[in-house]
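Thank you all for coming; I would like to walk through one model this morning, going from a single residue out to the sheets, the helices and the aromatic rings. Please have the sequence and the structure open while I talk.

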Amino acid sequence: MCSGFSDSMGLLAKLIQNKYTHFGMEEPGYHVARRVFEEYGYAIESIKVAKEGMQLDTLKSSKAKLIYITPSHHYPTGVTMSIKQRIKILEYIHSIDGYIIEDDYDSELAYYNRPIPSLQGLDNYARVIYMGTFAKSLSPALRVSYMVLPKQLLPLYKKSYDAHFPRVSITTQKTLELFMREGHWERHLRRIRTINKKKHNHFKALLQNNLKNTFEIVAEGAGLAILINPTVAFDWKQFKSLAEKESIKLYFAKERSGGEFEAIRMGFGGFLLDELEEAVKAFSNIWHKSIC
Ligand SMILES: Cc1ncc(COP(=O)(O)O)c(C=O)c1O
């Protein structure tokens, strides 16, 4: 268990530093993954993500044997990688003696589709390092994540970190263990799926009713945000300045993931269902004032 995603990634980057020099990163992709591996001296290879997920041709022409992907719900575009593509990537990584870091950060929260098995679940070659977090399913404030290593990396892990103390307090670990053992976790997951699906659908309808034909939805249906863009001429400077005045915090996809993909990340996870209407009204107000 680790103290959040960057902690899990740091532990891993250090662990396999002598084995790999190049780190294949989704483009666009989660900036934290890139930053951590950069800090440990890896050369970053940006590999484009298309409709199918990470592009195999670009991957093959890169020097990366170690890759980072978000197959369940690509960050930030929302693409779900097909089983066919997952198998192709697994086969390729196996053939070059590499590893896949699978970041499965919010797969508990898919509202339309039945979840596709994780890459780690499909992996017959022990080539997947699975990263999970309690940030979306329980609370980001808890700072608890976990990493599941393939068996052959365990001796190296034990040798490297033998003298380390646990990174998550025993009290927290024990509480989580009992919570799961007593069956509360399954119930909790069902509950948050239902609540967040309701919030997602209500939020989407509010956006449609308020922004009307001035916007498009770029990603939806999973996680705790809907991504949107204007479809009309838009004064971004005015929009950002009005948002600041009204204390509306804006999140842009590009700021956190690089590449060419741009969208406004409209998070709904922090609101109660009946707070969404007022929030969208306030947003809609600055949105309409920013249309040229
Ligand atoms: C792509 C991605 N991976 C992992 C995480 C989990 O981060 P943490 O466990 O540090 O809260 C997030 C959180 O937003 C994320 O967006």
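Let me start with Ile 44, which sits in strand 2, residues 43–50; helices (H or I, at least four residues) and strands (E, at least two) are DSSP runs, numbered from the N terminus. This is a predicted model, in which local features need pLDDT of at least 70 and side-chain atom pairs count only at pLDDT 80 or more, while totals for chains, interfaces and linings use all residues. Residues are numbered from 1 along each chain as its sequence is written, and side-chain values use heavy atoms, with hydrogens and water left out.

Ile 44 counts as partly exposed because its relative accessibility is 25%, where buried means under 20% relative accessible area, exposed over 50% and partly exposed in between, with a 1.4 Å probe and protein chains only. Leaving aside residues up to four places away in sequence, Ile 44 touches Phe 23, Met 25, Arg 34, Phe 37 and Glu 38, a contact being heavy atoms within 4.5 Å. Between Ile 44 and Gly 132 there are 22 Å in space, C-alpha to C-alpha, and the two are 88 residues apart in sequence.

Strand 7 pairs with strand 6, residues 128–133, in the antiparallel sense over four bridges, and Met 131 has Met 147 in strand 7 as its bridge partner.

What is the order of the strands in the open sheet of three? The order is 8-9-10, and the pairing is antiparallel. Strand 8 (215–219) and strand 10 (264–267) are the edge strands, each pairing on one side only. Helix 8, residues 184–211, lies across strand 8, strand 9 and strand 10, at about 15 degrees to strand 9, and helix 11, residues 276–289, also packs on this sheet, touching strand 8, strand 9 and strand 10.

Helix 8 also packs against helix 7, residues 170–181, at an angle of about 80 degrees, with the axes 5 Å apart. The two helices are therefore roughly perpendicular to each other. Leu 178, Phe 179 and Met 180 of helix 7 make the contact with His 184, Trp 185 and His 188 of helix 8.

Finally, the structure holds 22 aromatic pairs; rings of Phe, Tyr and Trp (its six-membered ring) pair if their centres lie within 6.5 Å, with planes under 30 degrees apart counted as stacked, over 60 as edge-to-face and the rest as tilted. Phe 134 and Tyr 146 have ring centres 5.7 Å apart and planes at 55 degrees, so this pair is tilted. Phe 134 is buried, at 4% relative accessible area, whereas Tyr 146, at 23% relative accessibility, counts as partly exposed. Phe 234, Trp 236, Phe 239, Phe 252, Phe 283 and Trp 287 form one aromatic cluster.

Technical notes:
Two strands pair if DSSP finds at least two bridges between them. Axes are lines fitted to C-alpha atoms, for helices over the stretch in contact, and angles run from 0 to 180 degrees between N-to-C directions. Angles under 35 degrees count as roughly parallel, over 145 as roughly antiparallel, 65 to 115 as roughly perpendicular and the rest as oblique.
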